[in-house]
Structures are given as structure tokens and as C-alpha cells.
Amino acid sequence: MNTSQKIALVTGATRGIGRETVKQLAEAGVLTLLAGRDPGRTNEAVAALASTGLPVEALVLDVADPKSIAQAVADVEARFGRLDILVNNAGIFLDDIGKAPSEQSLATWRETFDTNLFAVVGVTQAFLPLLKKSPSARIVNVSSVLGSLAMHVDPASPVYGFKVPAYDASKSALNAWTIHLAYELRDTPIKVNAIHPGYVQTDMNGGQGEIDVPTGAKSSVGMALLADDGPTGTFTHLGKTLPW
């Protein structure tokens with residue numbers, strides 16, 4: 001490995017936006033760790049990308065399992081000694097869109113927050129020591145416009161009439177985490193930003209999105225490759241600032 005080559009890690013990357021984010025980062029010359037909880041699917045995804053000559057390697061990581069996180073950190077430290085880019089891409093959508101906000105089960109709320117918020121916090125905390133060893137690390141949290149409180153209370157907003165509370169609130173909380181971590185690291189070279197990928201055609205929404213997967217990955221990749229004079233503590237989509 002060239003010691004000047006950046007090292008990136010993308011969670012939940014065996015398919016969809018995560019896998020495309022890995023591909024685009026690797027195409028930019030970044031040695032990218034494709035992380036997934038299932039070893040078979042993770043290795044299969046890596047083999048497909050690596051066969052085209054891209055610098056992609058596998059990392060087994062279940063973001064909801066503290067032991068798996070600790071093992072992944074140890075693995076990355078042993079292999080590279082640092083981490084330059086962390087893209088917290090893993091996420092789930094469990095709300096029943098046929099039910100009112102008050103009808104969503106408490107189990108749905110808990111499981112959604114476990115993955116969409118608590119796992120992100122846990123993974124970030126665990127990898128932060130390795131990110132601090134980078135000369136200019138980047139943390140990208142994949143959020144959603146559905147986490148925007150301002151848009152949810154605006155009748156003119158495209159999300160005003162679509163309420164999936166567990167998912168929405170988990171992304172609002174993720175945005176808050178982004179702001180707090182960016183503040184903590186404001187005097188360091190580390191930049192922390194949240195992005196909205198767009199309404200992307202993925203398995204999560206049954207392919208009903210408005211943009212394709214390559215376009216959906218661009219916001220994550222852009223913030224992952226952010227220049228040293230770039231912003232921190234922002235919420236954007238394709239470079240456009242979104243309301244909190």
C-alpha cells in the first residue's frame with residue numbers, strides 16, 4: 001500500500017448506495033473498505049469491484065454489534081494504522097407507511113434508532129482514534145431530507161405530507177449528532193457532515209426513487225473527498241444546503 005493513499009470505510013456497503021459509494025471512492029484512487037455484516041455477501045461484492053482493478057478490500061462489520069465493531073477497528077489498525085474517511089451509510093427503514101405516526105410500534109422505533117443512530121455513534125466513537133491519526137479525516141453521515149424538521153412543518157415542502165416518524169426522527173437525531181461532533185472537532189483537521197443522497201431507486205423503497213444509484217452516491221463521495229478548506233457541520237445534497 002502507498003502510505004500516501006487515502007483509506008476509506010463505507011458501512012452497509014454490500015448493495016445500493018453504499019456499494020456505489022465504494023465504487024466511486026475507489027475510482028478516485030482511494031483504497032476503500034467495503035463493510036458488511038455478512039462475510040459471504042461482503043466478499044462477493046468486493047470480488048466484483050476488485051475484478052475491474054479497483055482498490056477495494058473487504059471488512060466484516062455488523063454496526064449493531066459492539067464486538068464486531070471492536071474487531072473491525074482492530075483489523076483496520078493492524079492493516080493500515082489509520083483511517084482517512086468514514087462514511088456511515090448503513091441504515092434501515094421499518095415504518096409501516098399505511099399507519100399513522102401514533103400507530104407505529106415501539107419495537108419499530110427501537111430497532112430503527114439502534115441502527116440509524118446508536119450504531120452510527122458507536123462506530124464513529126470506535127474509529128475516532130484512527131481518524132485522528134489521519135492528516136485530514138472526513139466523517140460523512142448519510143441522513144435524509146426526511147430528518148429535516150423545518151421541511152416537515154412547511155406545507156409547501158415535498159415531505160410535508162409524508163410522515164414516517166421512527167425513520168424521520170432517527171435521521172433528525174443523526175443530524176444533531178453530526179452538529180455536536182463537528183463542534184467537538186472544530187479545531188482539528190477532521191470535518192463532519194451529513195448528506196441527503198436524494199430519493200434514490202434502491203431496494204429500501206422498492207425501486208420507486210427519482211434518481212439512480214450513481215447519482216445517489218455523489219453527495220457522500222463529494223463530502224468524503226472534501227478539500228481542507230471545505231465546511232464542517234453541514235447538511236447538504238449535491239452541494240446544496242438543506243434546512244435542519
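Buried means under 20% relative accessible area, exposed over 50% and partly exposed in between, with a 1.4 Å probe and protein chains only. This is a predicted model, where local features need pLDDT of at least 70, side-chain atom pairs count only at pLDDT 80 or more, and totals for chains, interfaces and linings use all residues. Residues are numbered from 1 along each chain as its sequence is written, and side-chain values use heavy atoms, leaving out hydrogens and water.

**Stop 1: R82.** Select R82, in the loop between α3 and β4. Helices (H or I, at least four residues) and strands (E, at least two) are DSSP runs, numbered from the N terminus. R82 counts as buried because its relative accessibility is 13%.

**Stop 2: the largest nonpolar core.** Such a core is a set of buried Ala, Val, Leu, Ile, Met, Phe, Trp, Tyr and Cys residues joined through side-chain atoms within 4.5 Å. The largest has 35 residues; select L9, L33, V76, L83, F127, L131 and I190, those with the most contacts inside it. α4 gives the most to this core, with 10 residues. Zoom in on L33: its contacts (heavy atoms within 4.5 Å) include I7, L9, L59, V76 and F80. Apart from this core lies another, of 22 residues, among them A13, V142, I195 and M223.

**Stop 3: helix α1.** Select residues 16-27. Its buried residues include I17, V22 and L25. The buried residues of α1 pack against β1, β2, α2, β3, β4 and α7. Finish just after α1, at G29, which takes a positive phi of about 95 degrees.

Conventions:
The expected span of a helix is 1.5 Å times one less than its number of residues. Lists of a residue's contacts leave out its neighbours within four places in sequence.
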